[in-house]
Amino acid sequence: MFVLAVVAVTSGAAGWMWCPFVVAVLTAACGLVRVGVDARGVRVTCGPVPVRTIALNRIVKAESGYARLADMGGFGYRIMPGRHAVALRPGDALWLTLVSGREFVVTVDDADSAARLVHRLLEEESPDAGVDRRGIDGEAR
């Protein structure tokens, strides 16, 4: 891809020659899925692009477990009845059960640590803190 970019710049080739280079850069960036857990909730980013943020008060429980691509609807960001998933490979995954009853699954290294951290943060949450336990769509469950 780098060679195509150099050829396009030096030879004044048509703009279409930039397409493979742009696709390669976007593919590489999207292959970098990161999961962050803090007091605000769980954030999933794909390269520099935020994919999904789930507030802590929307999470009922977190577990780690093995996920097959077939369980998650295939490779990439998948939306299925009752489940959303970000899957770039089969293997260790963070499984979140949301107050709406839906699941959110993301394949990530060391999902067990992420699940433990989510549980610890949920335990620290005070029931008097005005926790909003409505579903993602805003309906009370």
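A residue is called buried when its relative accessible area is under 20%, exposed when it is over 50%, and partly exposed in between (1.4 Å probe, protein chains only). By that criterion, 31% of the 141 residues in this protein are buried. The model is a predicted one, in which local features need pLDDT of at least 70 and side-chain atom pairs count only at pLDDT 80 or more, while totals for chains, interfaces and linings use all residues. Residues are numbered from 1 along each chain as its sequence is written, and side-chain values use heavy atoms, with hydrogens and water left out.

**Overall architecture**

- The protein has three helices and eight strands, where helices (H or I, at least four residues) and strands (E, at least two) are DSSP runs numbered from the N terminus.
- Along the sequence these elements follow the pattern α-α-β-β-β-β-β-β-β-β-α.
- Among the contacts in the protein with a separation of 6 or more, 46% are between residues 24 or more positions apart; a contact means heavy atoms within 4.5 Å.
- The protein exposes about 8300 Å², of which carbon and sulfur atoms supply 61%; accessible areas come from the Shrake-Rupley method with a 1.4 Å probe, and for residues only the protein chains shown count as cover.

**Three-stranded sheet**

- Three strands form an open sheet in the order S1-S2-S3 with antiparallel pairing; two strands pair if DSSP finds at least two bridges between them.
- S1 and strand S3 (49–55) are the edge strands, each pairing on one side only.
- Neighbouring strands of this sheet are turned by 15 degrees against each other on average, direction ignored; axes are lines fitted to C-alpha atoms, for helices over the stretch in contact, and angles run from 0 to 180 degrees between N-to-C directions.
- Strand S1 (residues 33–38) and strand S2 (residues 41–46) pair in the antiparallel sense over six bridges, and they form a hairpin with two residues between them.
- Within this pairing, Gly36 has Arg43 in S2 as its bridge partner.
- S2 and S3 are likewise antiparallel, joined over six bridges, with Gly41 standing opposite Ala55 in S3.
- H3 packs on this sheet, where it touches S1 and S2, and its direction makes about 25 degrees with that of S1.

**Five-stranded sheet**

- Five strands form an open sheet in the order S4-S7-S8-S6-S5, and the pairing is mixed.
- Strand S4 (59–67) and S5 stand at the edges with a single partner strand each, so one side of each is left without a neighbour in the sheet.
- From one strand to the next, the twist of this sheet averages 15 degrees.
- S4 and strand S7 (residues 91–98) run antiparallel and are joined by eight bridges; Ser64 stands opposite Leu94 in S7.
- Helix H3 (residues 111–124) lies across S4 and S7 and runs at about 170 degrees to S4.
- In a regular strand the side chains alternate between the two faces of the sheet.

**Salt bridges**

- The count comes to seven salt bridges, each being a side-chain nitrogen of Lys or Arg within 4 Å of a carboxyl oxygen of Asp or Glu.
- Asp38 forms a salt bridge with Arg40, whose closest N and O atoms are 2.7 Å apart; Arg40 counts as exposed, at 60% relative accessibility.
- Asp38 also forms a salt bridge with Arg43, with the closest N and O atoms 2.9 Å apart; Arg43 is partly exposed, with a relative accessible area of 31%.
- Glu103 and Arg83 meet through their side chains in a salt bridge (2.8 Å, N to O).
- Glu103 lies in strand S8 (residues 103–107) and Arg83 in strand S6 (residues 83–87), so this pair ties together parts that are 20 residues apart in sequence.
- Glu103 is partly exposed, with a relative accessible area of 23%.
- Salt bridges with shared partners join Asp38, Arg40 and Arg43 into one network.

**Nonpolar surface patch**

- Val51, Tyr77 and Ile79 form a nonpolar patch on the surface, with about 260 Å² of accessible area together.
- Patches are made of residues with over 30% relative accessible area and no salt bridge, in which like charges are joined within 9 Å and nonpolar side chains (Val, Leu, Ile, Met, Phe, Trp, Tyr) within 5 Å.
- Ile79 has its place in strand S5 (residues 76–80) and is exposed, with a relative accessible area of 61%.
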